[in-house]
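Subject: Structure for your files

Hello,

Here is the structure you will need, with the sequence alongside. My notes on what was found follow below.

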Amino acid sequence: MNFVTPNKEEINPFLQLLLLLFYGIAGGLVFALIGLVIAFLMYGTNLISNVDALLAGEPSYLNGLKVMQIFSSIGTFIVPGIALALTEKQKVAKFYGLGKPKFPLIILVFLIMIASMPLMEWTAIWNQKMILPEFLKGIEQWMKEKEDAAMGITIKLLTVRNNFDFVVNLIMIAVLPAIGEELMFRGGVQRSLNRAFNNPHTAIWLSAIIFSAIHVQFYGFIPRMLLGAGFGYLYYFSGSLWYAMLAHFINNAYAVCTAFYMQKHNMPLDKADEPIGFPWYGYLISAIITIALFNFFKNKAERERKLD
């Protein structure tokens, strides 16, 4: 029930965190540039005077924005995780505990994500009711503007015109973030913080806070933090990053599939975040079942690891 045992010769964990930050910034810049170059190849020199339209996700430049988003995700999150393992002169699979996943644990991850949906909805509703004191109204207004801007871009990225767009969206929004963000935050940040503090719970929650904060979406901070903590505990209980990646994929793929369904049925995407509206006991039952499933996952993972 421990993280992957780190090599005793690994560099200082705080230096690992600094390296992750450096690799993330450098990788993000380099791959964003690659994405921009590809966009120029797609649209020609006319893009020079329309870069703002590209970044705003205007319909005629939507494919270019998706290309940039894909490359940015790779450079900012996937590359740093791989680079850190290589810096430590270890294989990526060994460094992050990417052993072969067990089928019973895969099923449990699916059940956990399904059972937790009402609970996550309740935390989202509660978070969205956040009101700051009067003297912080300026900050609150800025937060709402950032939230609206992020939602606008998300809706544009989720837009599908054909089935190929749906596949691209699954890769861009579900597959790459599941791999990259788990490598970065659970495999990298959480692993290093656990080495630094020798306390897995501190490492899990600090990583979850950083994971949520980096999205700069304040009215979804709490549910995203809880998701990050859930992914962290899946990694901690199993010692394998695959289960956190799977849970992350399920969460994001659900959003992509929901958006695809809504567009197929001519429903506005800005309604996607509207709560289903469970009765209070539905949220309570969700919380109880989710906690029970996490405990079952922990016990099952312990037994599986003893058999290996």
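Lys-89 is found in the loop between helix H3 (62–87) and helix H4 (92–96); helices here (H or I, at least four residues) and strands (E, at least two) are DSSP runs, numbered from the N terminus. Lys-89 has a positive phi of about 60 degrees although it is not a glycine. Most residues other than glycine have a negative phi. With a relative accessible area of 79%, Lys-89 is exposed (buried means under 20% relative accessible area, exposed over 50%, partly exposed in between, with a 1.4 Å probe and protein chains only).

Before the rest, some notes on the source. This is a predicted model, in which local features need pLDDT of at least 70 and side-chain atom pairs count only at pLDDT 80 or more, while totals for chains, interfaces and linings use all residues. Residues are numbered from 1 along each chain as its sequence is written, and side-chain values use heavy atoms, with hydrogens and water left out.

Asn-198 sits in the loop between helix H8 (163–197) and H9, and is exposed at a relative accessible area of 69%.

The chain as a whole

The protein chain has 12 helices and 0 strands. Its radius of gyration is 20 Å, close to the 19 Å that the globule rule gives for 308 residues, so the chain is as compact as a globular protein of that length (the radius is taken over C-alpha atoms, and the rule is 2.2 Å times the number of residues to the power 0.38). The C-alpha atoms fill a box of roughly 60 × 50 × 45 Å along the principal axes. Of the 308 residues, 45% count as buried. Among contacts (heavy atoms within 4.5 Å) between residues at least 6 apart in sequence, 76% join residues at least 24 apart.

Helix packing

The axes of H9 (residues 200–213) and H10 (residues 221–238) come within 8 Å and cross at roughly 140 degrees. Axes are lines fitted to C-alpha atoms, for helices over the stretch in contact, and angles run from 0 to 180 degrees between N-to-C directions. H9 and H10 are therefore oblique to each other (under 35 degrees counts as roughly parallel, over 145 as roughly antiparallel, 65 to 115 as roughly perpendicular and the rest as oblique). Residues of this contact include Trp-205 and Phe-211 of H9 and Arg-224 and Tyr-233 of H10.

H10 also packs with H12, at an angle of about 25 degrees and with the axes 8 Å apart; H10 and H12 are therefore roughly parallel. Tyr-233 and Phe-237 of H10 are among the residues in this contact, as are Phe-294 and Lys-298 of H12.

Two single residues

Gln-217 lies in the loop between H9 and H10 and counts as buried, at 17% relative accessibility. Leaving aside neighbours within four places in sequence, Gln-217 is in contact with Glu-147, Ala-150 and Arg-224.

Trp-280 is found in helix H12 (residues 280–307) and counts as exposed, at 63% relative accessibility. Trp-280 and Trp-122 are 158 residues apart in sequence, and their C-alpha atoms are 9.0 Å apart in space.

Regards
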